Amino acid sequence: PGAIVAAFSLPFAPQQFADAHGYLETPRSRNFYAHEVGPGCSGANCPPAEYCHHCLNLNENVCGKFGSRSYDDPNWVDKDGNPMPWIPQDEYVEGQSIRVRTYLDTHHNGHMEIRACNKGSACTPTDFEGNELTFVKDVVYEGNHPAMPKDPNYPYRGMYAGGQGGSIKWFEFEYELPQGIYGDHVMLQWKYITANSCSPPGYSEYFSNKPFLPSSYWTPGLSECIPPYPNSGQRSSVWPEIFFNCAEVKILPSAPVVPTPHGRSYPANKSEFVRVNQVGYLRFATKVGVIVDLSTSPIGWQIQDASGSVVLSGVTTVYGNDSASGDHVHQADFTALNELGAYRLVAEGIGSSFEFNIATSLYPDLPHEAMNYFYFHRMGEDILAAHLIDGRYARAALHPGDSSVPPYNGWCESCANFDLKGSWADAGDFGIYTVNHAISAWTLLNLNEMFPEAFQDGSLNIPESGNGFADVLDEVDYGSRFVRGMLPSDGGLASHKAHNHAWSAFTITVAGENAAQSSRSAMGPSTPATYAVARVNAQLARIWYAQGQDSHADVLWSAAVDAWTRAYGTNQAYSASVASPGPALGGGDYPDGQIGDDLYAAACEMYLTALAIGDSGVQTYKNIMRSSSFFTKIVQWDWATVTGAGTLSLFAVENDLSSEDKLSIETNIVSFANSVKNSIDSEGYPSNLDFQEFGGKYPWGSNSFIMNRAIALAYAYEVTGDVMYQDYILRTLDYVMGVNAMHISYVTGYGDKSETDTHDRWAWTVGQGSFWPRGWLSGGPNNELINDYATPPGVTAAKSYAGPGTAPHAWGSKENTVNWNAPLAWVAWYVENKIVPNFEGCDGNCASKPTLKPTTKSTTKQSTKPTLNPTTKPTFKPTTKPTSKPVSTGGSPCCADRNAGYQACMRSDWCNMSSTNCGNCNGYYITVPLEITGCCKWWSGGDCSNVVHSSNPGCHYRKSDCEGSCGGTWSPL
């Protein structure tokens with residue numbers, strides 16, 4: 001009773017509050033429609049112009065009010081005073097995931113909620129209750145802020161980032177429409193619940209479990225808001241300011257997929273506008289094709305088998321304009337297709353995709369083919385047909401004279417010649433580049449350190465096979481011999497690169513290329529190159545020490561220590577005038593102007609090796625590493641930015657870092673992987689590049705960036721055990737294998753329309769474009785720097801890619817390099833050896849057999865009317881596939897799944913480590929198994945005796961769940 005008295009004696013009148021401002025932009029609210037349309041129309045069906053569309057913080061019924069202007073019926077009238085007609089602002093399908101975009105002109109913290117009612121203008125406030133849209137994710141539409149996680153206790157809340165008074169204005173969330181709500185007149189009610197005068201229930205728990213969110217995102221000292229809040233918008237110290245908007249939409253009923261060979265088949269002429277992974281899909285992976293079409297209404301699609309029979313059908317989701325490509329695209333989700341066989345995606349009135357397979361394994365030969373690239377490009381020894389997948393490319397040794405390469409004129413004039421024999425040709429030319437080799441070698445050695453079973457002895461059929469050591473280690477050891485030779489005899493910094501003084505002709509002879517040895521030099525030095533020497537040799541040394549090869553490892557470790565000593569304390573960035581002087585134009589630059597990340601990555605490798613072998617310098621390296629501003633960070637890595645490589649080594653290799661440091665590394669891995677995942681979700685095609693992050697450009701070697709980001713997803717799986725990350729790796733390969741703006745598979749030999757020629761002199765010399773080695777990754781679209789004759793300028797980023805037969809002049813987009821094929825080999829091995837088993841490959845005989853349920857609905861019902869103002873850009877959530885049955889711990893606190901009734905811990909040790917980690921795993925940190933103490937009721941009378949708790953575990957196990965997000969009444973046992 002005391003609480004009730006307090007509630008009724010709140011001092012409303014004296015309270016002073018600063019107004020927030022915001023509105024619902026997509027789907028377009030009535031007030032925003034009046035703002036956009038009203039000023040330019042007149043008479044019937046034209047609303048009065050609204051100039052304070054963001055001001056509706058009062059309410060009469062459901063749609064909000066500003067001043068005397070209400071947007072409820074019957075007050076929603078046109079300029080003639082007559083009722084406004086129903087004008088749907090979007091058309092959806094029951095249960096569909098949609099994008100909701102809002103604008104906060106004045107940000108006062110808080111969250112949004114959105115509900116649905118299918119009674120049109122007759123909707124009352126109670127009609128919306130129980131019909132909440134479920135929050136899926138924060139798309140991060142504007143600003144570089146962390147995506148706001150879902151609140152499992154309040155699944156309908158979309159939490160706003162940015163903080164009170166922050167600069168972020170636009171927000172876009174993905175929400176799932178409720179089941180059972182459809183019709184021509186569906187009203188969506190949006191509420192913005194602010195949090196600057198009081199904190200809504202659950203805020204303290206939400207933010208305390210997510211320390212990675214900035215503290216400015218809420219105000220912890222405020223009193224807690226007390227629901228229910230007045231529908232009028234009245235405020236007090238325990239009633240927040242609320243904004244009300246309504247949007248008129250149409251929602252089609254969903255229809256079950258009809259997987260039968262009956263019904264009329266669409267004409268299936270091949271069309272370049274229907275795009276799928278040209279190789280295929282694992283049975284239980286997410287499967288989303290892209291259809292390029294200007295239609296703003298959903299398009300019917302079918303999956304047809306080899307006989308032309310329809311086995312699955314549905315309608316597309318209109319994504320709209322894809323900014324990276326300029327294409328207007330639709331997405332067709334056929335995840336429900338899981339029968340083995342050959343199929344085509346056919347779009348009504350457009351045509352058919354290439355044939356693809358549903359299979360238990362997709363790329364069984366690609367790991368070996370991708371690795372054979374490195375033997376193909378060895379220099380300094382004969383390349384034998386017996387060790388090539390395609391023996392036609394056998395040749396005599398290129399540049400055997402690299403055992404004595406002079407320094408270029410004007411640099412290191414007193415130095416002895418450099419011994420650089422034993423290398424891989426870096427790319428389509430025959431230069432060798434220290435920094436680019438270092439990231440390539442790291443990638444392959446990292447695979448070995450993460451998964452020692454990868455590319456074991458004999459698997460690659462290289463000359464060293466049969467020596468008892470992993471073939472991948474032997475291959476990197478050969479290709480890296482030159483690296484320690486880049487240290488000059490005068491004790492100075494390492495040469496940045498070595499190459500001919502002039503570019504070689506594109507069609508060569510081995511004898512002619514070797515004749516250029518007399519005009520081949522080691523070019524000037526840099527600090528990043530010297531740290532690269534330390535990194536490569538330190539990593540190789542610790543692996544060889546672990547193999548018992550102390551003599552060879554001593555040589556490598558000595559070179560690493562020497563390079564570290566030379567580099568530490570220097571800051572000589574790459575300089576073209578020194579490293580590529582005068583007329584020596586026969587090689588690329590690989591400029592690297594930032595040194596701190598090179599120091600950090602080298603310190604990581606030096607520390608790990610010193611620790612492994614008991615070297616006395618271990619604490620020095622550790623201190624330097626830990627004092628770096630890059631310590632534990634994960635960002636996009638490549639040859640010039642190597643922070644991520646250093647941190648991933650700290651995860652892959654045993655060490656003595658504190659549990660706090662290790663937790664920070666794991667948290668950063670998961671956070672970066674989530675940003676990669678979000679990039680796939682936000683693009684029209686499944687590119688994992690954040691187009692805006694790269695300044696609206698696709699960088700040189702964009703495909704290598706994409707493959708490196710797939711490695712980050714693999715690490716996130718290894719941290720969390722969440723198979724979602726593996727599914728996103730497969731979606732990344734969908735992009736690479738054909739679901740892209742160029743409608744091409746960027747991997748040679750894979751797909752009906754795959755790359756046929758890359759910028760490689762020896763491959764072109766032998767095949768002249770009529771045949772090509774399989775398993776090579778081309779550079780990919782590039783509009784960051786176009787300096788060749790074939791990559792088209794003036795086109796959108798995702799289409800800045802040269803056509804077939806242009807290899808000699810297309811180095812900007814179609815080159816192949818060691819640092820592009822290295823991550824391809826890493827990912828290909830991981831897919832076949834780690835993902836295939838998890839996705840029930842090998843005809844069901846592999847390790848885990850996850851439970852799989854498609855999460856997006858297909859429907860045979862098609863729209864007959866165009867969608868007004870289409871803006872929905874849904875993401876396709878991977879099917880939930882737990883790796884095994886959760887584990888009970890008999891009373892220990894751990895990360896439990898609310899939807900499993902808090903009865904067992906999640907499988908992942910990382911998720912169970914802390915409440916923060918648990919929140920990132922979408923779990924709840926609690927003691928399990930949770931005792932059943934009552935049930936949740938939505939009816940009057942009776943007790944819990946007939947309740948089956950497992951029927952709705954998310955509501956029946958905890959009172960707070962029941963009376964919070966479930967909207968029920970708790971009944972104790």
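One aromatic cluster is formed by Tyr373, Phe374, Phe376, Tyr393, Trp424, Phe506, Trp764, Phe771, Trp772 and Trp776. In total, the structure holds 50 aromatic pairs. Rings of Phe, Tyr and Trp (its six-membered ring) pair if their centres lie within 6.5 Å; planes under 30 degrees apart count as stacked, over 60 as edge-to-face and the rest as tilted.

The model is predicted, with local features requiring pLDDT of at least 70 and side-chain atom pairs counted only at pLDDT 80 or more, while totals for chains, interfaces and linings use all residues. Residues are numbered from 1 along each chain as its sequence is written, and side-chain values use heavy atoms, with hydrogens and water left out.

The protein has 25 helices and 30 strands. These are DSSP runs, numbered from the N terminus (helices: H or I, at least four residues; strands: E, at least two). Of its 973 residues, 61% count as buried. Buried means under 20% relative accessible area, exposed over 50%, and partly exposed in between (1.4 Å probe, protein chains only). Among contacts (heavy atoms within 4.5 Å) between residues at least 6 apart in sequence, 73% join residues at least 24 apart.

The largest nonpolar core contains 189 residues. Such a core is a set of buried Ala, Val, Leu, Ile, Met, Phe, Trp, Tyr and Cys residues joined through side-chain atoms within 4.5 Å. Ile303, Phe334, Phe356 and Leu650 touch the most other members. Helix α21 (residues 818-838) supplies the largest share of this core, 13 residues. Another core lies apart from it, with 25 residues, among them Tyr92, Leu133, Trp190 and Tyr192. In soluble globular proteins, nonpolar side chains tend to be buried together. Beyond its neighbours within four places in sequence, Ile303 is in contact with Ser309, Val310, Val311, Leu312, Phe334, Leu337, Tyr343, Arg344, Leu345 and Phe356.

Helix α21 also packs against α17 (residues 702-720). Their axes are 9 Å apart, at an angle of about 35°. Axes are lines fitted to C-alpha atoms, for helices over the stretch in contact, and angles run from 0 to 180 degrees between N-to-C directions. The crossing is left-handed, a term for a near helix turned anticlockwise from the far one by less than a right angle. On the α17 side, the residues involved are Ser704, Met707, Asn708, Ala710, Ile711, Ala714, Tyr715, Tyr717 and Glu718. They meet Asn819, Trp820, Pro823, Leu824, Trp826, Val827, Tyr830 and Asn838 in α21.

Ala822 is found in helix α21. This residue counts as buried, at 0% relative accessibility. Not counting residues up to four places away in sequence, Ala822 touches Phe374, Ser440, Thr443 and Leu444. Ala822 and Leu444 are 378 residues apart along the chain, yet their C-alpha atoms are separated by 6.1 Å.

Helix α15 (residues 643-652) is mostly covered, with nine of its ten residues buried. The buried residues are Thr643, Gly644, Ala645, Gly646, Thr647, Leu648, Ser649, Leu650 and Ala652. Their cover includes α6 (434-450), α10 (527-546), α13 (596-613), α14 (618-627), α16 (659-682) and α17.

Leu213 lies in the loop between α4 (203-208) and β11 (242-252). Its relative accessible area is 6%, so Leu213 is buried. Sequence neighbours within four places aside, Leu213 is in contact with Pro146, Met148, Pro149, Tyr206 and Phe207. The C-alpha atoms of Leu213 and His145 are 8.8 Å apart, across 68 residues of sequence. Tyr206 also has Lys210 over its face, at 4.3 Å from the ring centre. Elsewhere, the charged end of Arg378 sits over the ring of Tyr478, 4.4 Å from its centre. A charge sits over a ring if NZ of Lys or CZ of Arg is within 6 Å of the ring centre and within 35 degrees of the ring normal.

Backbone features were also examined. The peptide bond from Pro227 to Pro228 is cis, with omega near -5°. Pro228 is in the loop between α4 and β11. Val928 and Pro929 are likewise joined by a cis peptide bond, with omega about -5°. Pro929 is placed in the loop between β28 (924-927) and β29 (934-937). Asn109, a residue other than glycine, has a positive phi near 60°. Asn109 lies in the loop between β5 (97-106) and β6 (111-117) and is buried, with a relative accessible area of 1%. Asn461 also has a positive phi, of about 50°. Asn461 is in the loop between α6 and α7 (471-479) and counts as partly exposed, at 34% relative accessibility.
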